[in-house]
Amino acid sequence: MMLRSSKSLSTGWHITSSVSYLTLKLRHTVQSLEIDLYSMRNLKASLENSLREVKTCYALKMEQLKRILLYVESELAQTWAEGQCQAREYEALLNIKIKLEAEVTTYRHLLEEGENFNLGDALDSSNSMQTMQKTTTCQIVDGKTVCVTDTKVLRH
């Protein structure tokens with residue numbers, strides 16, 4: 001019986017020793033996993049901070065690009081409006097030039113044909129002639145071009 005008791009005591013000690021070893025091994029594994037978890041949480045926080053910084057940086061860049069785009073659009077609209085005004089002014093000047101050339105041709109023809117023709121008489125009797133001044137002013141209002149034309153009669 002003693003042999004049996006010693007054998008069971010020896011087996012119990014082995015089991016206790018094995019359980020203690022396994023418990024110790026599990027504690028080390030838990031500690032190792034906790035350290036890994038802590039490291040992963042720190043890495044996650046660091047990556048989230050980096051992501052926020054990148055988003056903030058790109059948001060600022062986008063705002064800068066939007067301001068530049070609005071400025072360029074405004075400049076383009078203003079340039080287009082100025083071009084339209086210049087085109088209208090050119091057309092008005094071209095019309096005046098054509099009318100003046102026609103008048104010069106008429107007066108030249110009259111001077112060449114008529115011996116008693118007086119230029120002053122022709123100017124006084126020409127009541128149907130009028131000189132018109134057209135002024136076109138263009139402005140950009142709310143991103144749209146608004147043009148106003150003012151017409152004045154300068155000579156009757």
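## Burial and surface

In this predicted model, buried residues, meaning those under 20% relative accessible area with a 1.4 Å probe and protein chains only, make up 6% of the 156 residues in the chain. The accessible surface of the chain, computed by the Shrake-Rupley method with a 1.4 Å probe, comes to about 14100 Å², and 60% of that surface belongs to carbon and sulfur atoms.

## Elements and confidence

The chain holds 2 helices and 2 strands, where helices are DSSP runs (H or I) of at least four residues and strands are runs (E) of at least two, numbered from the N terminus. Read from the N terminus on, these elements follow the order α-α-β-β.

The pLDDT, which is the predictor's confidence in each residue from 0 to 100, averages 82 over the chain, with 77% of the residues scoring at least 70. Helix H1 has the highest mean pLDDT among the elements (89), whereas helix H2, residues 119-125, has the lowest (54).

Although Ser74 and Ile140 are 66 residues apart in sequence, their C-alpha atoms are 8.4 Å apart in space.

Of the contacts (heavy atoms within 4.5 Å) in the chain with a separation of 6 or more, 38% join residues 24 or more positions apart.

## Notes on the model

Residues are numbered from 1 along each chain as its sequence is written, and side-chain values use heavy atoms, leaving out hydrogens and water. Local features need pLDDT of at least 70 and side-chain atom pairs count only at pLDDT 80 or more, while totals for chains, interfaces and linings use all residues.

Note on methods. Buried < 20%, exposed > 50% of the residue type's maximum accessible area, 1.4 Å probe, protein only.
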